[in-house]
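I set out to record, entry by entry, what I looked up in this structure. The entries below follow the order in which I worked.

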Amino acid sequence: MHLPQLIIDLALILGAAGIITLLFKRLKQPMVLGYIIAGFIVGPNFHLFPTIADSEGIKTWSEIGVIFLLFSLGLEFSFKKLMRVGGTAAITAFVEITCITIAGYYVGQLMGWGTMDSLFLGGLLASSSTTIIIRAFEELGIKKKPFTKIVFGVLVIEDIVVILMMVLLSTMAVSRQFEGTEMIFTILKLSFFLAIWFLAGIFLLPTFLKKMEKYINSETLLILSIALCLGMVILATQVGFSAELGAFIMGSIIAETTVSEKVEHLIQPVKDLFGAIFFVSVGMLIDPKMIGEYWAPVLWVTLLTIVGKFVSTSAGALLSGQTLRQSVQVGMSMAQVGEFAFIIATLGLSLGVTSDFLFPVAVGVSAITTFTTPYMIKFSVPLYEWLERILPEKWLNTLNRYSASSQTLQADSDWKIVLRSYIRVIVLNSVIMMGVILLNVYYIGPFVMKYIQNEWLARILSVLIGIAMMSPFIWALMIQKISSTAYKALWLDSKYNHGPLVVVEVVRNVVGVLLVGFLVNQYFPFWQALLGTAFILACVLIVLRSQLQKYYDRIERRFLANLNARETADAGKSPRRDLLPWDAQVSEIEVNPWSTLIDKPLVSLELREKYGINIGAIKRGEVTIYAPTRDEKIFPHDTLVVIGTEEQLEEFGKVVDTLNVIPNNALNDDNVGLTSIMVDEYTGLKGQTVRTSGIREKTNALVVGIARGSEKILNPDSNTTFQWGDVIWLVGDRKRIKDFHI
């Protein structure tokens, strides 16, 4: 009986991978390196063991592996996670990616490499290894340090930027064009593709899964998820993008649904299997002779990675307002290349646009920086202390002042809020309308004309179908009111605001007219299209206005419900798990009778200044003192309701000389707790500061945090000004907080 060669090769690959990775697991080294070494052992450049015969078959399997790796990354990613990353990580990531990509390109040029080799070198240096960094943090016991949150945020942004970079590199490799207009067109096309599928996916997929819920078990969910992934892969390649981008998009869409965690669990074995095959196939490409021949580029690129990523990441963190200490720690953590380096290097080889030596250089650099990463992180604090000693005091003071000033958030102006609302309305509805137009022109129109012989009637019917699909979004784009208090404040504040507001209204109406006219012009000459557009808009915006408003509201409600379904479900399972949008906790600490804090007023203890914590309430026998004043003293056996991070509470617990720290969910006074209110018309807090608002006196509560968009302010200063939409977190008397308004 003949056994296909592919099965024999697969047995060889998985056998080698299993043995080598067991060894690497014992040595506490990254599994990825184990797979690569296993690939080298069974590859054509190592002859002590049997080698792979059907390299083309393995190549196909490895391409499937990349697809599932990117699909799994999308499941972990989600668009909301990107929105929650925050300004610090965003600034740090973009500075680091820009600097290291440009530096990589010019280092390639200095070594005499070609343009495409240099471009791909810059691209493969742009990402760091999440796996290696997490392993190093866990081994060093620093995973919960404050700077690690910035590192994880940077890694999230790196992943999405490198995905987009792969698309751009593929486009340039195929077209061999580097003109600015070509790149801008590609970026716009990519942005449109991402937006349209995110909007359509969030609107359609959760609704479909909910309706089919009773028919879906683990088996059907796995099959359905893989089918959706491969379907999006086909669609992405059809419109000119990479298969990896399609897999990532579908993963990120499923990540917003309530079944995301289940899909992630089900897809894990599939990803592990095909991912192992991919990394083994990477190892098969290693040629020791070539690595030896190109030892100099390996050395130079390694130095660029370690020094360049440290300097650029640290500079980005400093620019975002972090202290010198945290910036150095972030920079030292990111000084390695990630798994994406292999994917990008393999992409260049598969497209036939990079030289053979680029891949072994990437492998050599990855191997070296994998082993240096733990030591870089370990020596980050000594490096900071050395820099503190040698840098001029004037420089250090300047950095400290800049860091302190960057933590003070400036209030969003009313104009900024209004313009943001207009941009959201114009962009989202324009993207949907453009998607409908393309669908109509390329699919619906040809289908109608195929089955209706009367050409004039077929054109009219095609236009009517397109307008029917677009009509709710035409109304939203051109008529929907910007229901914002900021808009009202601008209109009533000054007559000079009227003109600019009218201009913005005109702009969005012009956009609507152009889009409708563009659709009609696909089927009719210009003047007929112009008259038809005027007639259509009159019907849509005047005759059908109320019906379209109701229909659009239903669409919007369903979209928002689908978008927030996962968070709503999580909140139902664990209502207090994510109360705070940062890492703060509310805990009770009992005061030891012999504590040094006894019989001293709070003002003299300077607890916020020294430990970063706040006292929200003091329980003294049967009495609870809400939001204690600065003159309140601490007595033996008082129970302090304390707000702070895990590290702050641990440090404060040592000062109080007690180990009796009770988690937030064990609080036994139901009327003392963490509650939030929003700055809106009801509370009337806009423009007030924490001190002048009287919120403490009126609620017997303490302001412990403010959530402002993606920014989180823990223990805000008393001079912090409230803004529209702020979510204020308070600890104190729940009943009085709920009834609060000015």
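**Entry 1: a loop residue ahead of a helix**

I began with I216, which lies in the loop between α9 (180–211) and α10. Helices here are DSSP runs of H or I with at least four residues, strands are runs of E with at least two, and both are numbered from the N terminus. This is a predicted model, in which local features need pLDDT of at least 70 and side-chain atom pairs count only at pLDDT 80 or more, while totals for chains, interfaces and linings use all residues. Residues are numbered from 1 along each chain as its sequence is written, and side-chain values use heavy atoms, with hydrogens and water left out.

I found I216 to be partly exposed, with a relative accessible area of 24%. The classes are buried under 20% relative accessible area, exposed over 50% and partly exposed in between, computed with a 1.4 Å probe on protein chains only. Not counting residues up to four places away in sequence, I216 touches L209, L221 and L224; a contact means heavy atoms within 4.5 Å.

**Entry 2: helix α10**

I then followed the chain into α10, residues 218–238. Its 21 residues reach 30 Å from the first C-alpha to the last, close to the 30 Å expected at 1.5 Å a residue. The expected span is 1.5 Å times one less than the number of residues.

Which residues of α10 are buried? I listed L221, S225, I226, C229, M232, V233 and A236. They cover an arc of only 130° around the axis, which puts them on the same side of α10; the arc is that of the directions from the helix axis to the C-beta atoms. An α-helix has 3.6 residues a turn, so residues three or four places apart point the same way. On the other side of α10, I noted E219, I223, I234 and Q238 as exposed.

I also inspected both ends. After α10 comes G240, whose phi is positive, near 100°.

**Entry 3: helix α2**

I turned to α2, residues 31–42, whose end C-alpha atoms are 17 Å apart, in agreement with the 16 Å that its 12 residues should span. Of these 12 residues, 10 are buried, so α2 is largely enclosed by the rest of the structure. Among them are Y35, F40 and V42. I found the buried residues of α2 packed against α1 (5–26), α12 (260–284), α13, α16 and α17.

**Entry 4: aromatic pairs**

I counted 7 aromatic pairs in the structure. Rings of Phe, Tyr and Trp (its six-membered ring) pair if their centres lie within 6.5 Å; planes under 30 degrees apart are stacked, over 60 edge-to-face and the rest tilted. The rings of W113 and F357 have centres 4.8 Å apart and planes at 55°, so this pair is tilted. W113 sits in the loop between α5 (87–110) and α6 (115–124), and F357 in the loop between α16 (340–351) and α17 (358–378), 244 residues apart. W113 is buried at 9% relative accessible area, and F357 is buried at 11%.

F357 also pairs with Y294, and this pair is stacked, at 4.9 Å centre to centre and 25° between the planes. Y294 lies in the loop between α13 (288–293) and α14 (295–319), so the pair ties together parts 63 residues apart in sequence. I noted Y294 as partly exposed, at 23%. Elsewhere, ring pairs link W61, F68 and F274 into a cluster.

**Entry 5: D638**

I looked up D638 in the loop between β3 (623–626) and β4 (639–645). D638 is buried, at 1% relative accessibility. Leaving aside neighbours within four places in sequence, its contacts include E590, K619, R620 and K633.

**Entry 6: confidence**

Finally I checked pLDDT, the predictor's confidence in each residue, from 0 to 100. The chain mean is 78, and 84% of residues reach 70 or more. Residues 573–582 stay under 50, and the pLDDT over residues 658–670 is also below 50. Where pLDDT is low, the predicted coordinates should not be read in detail.
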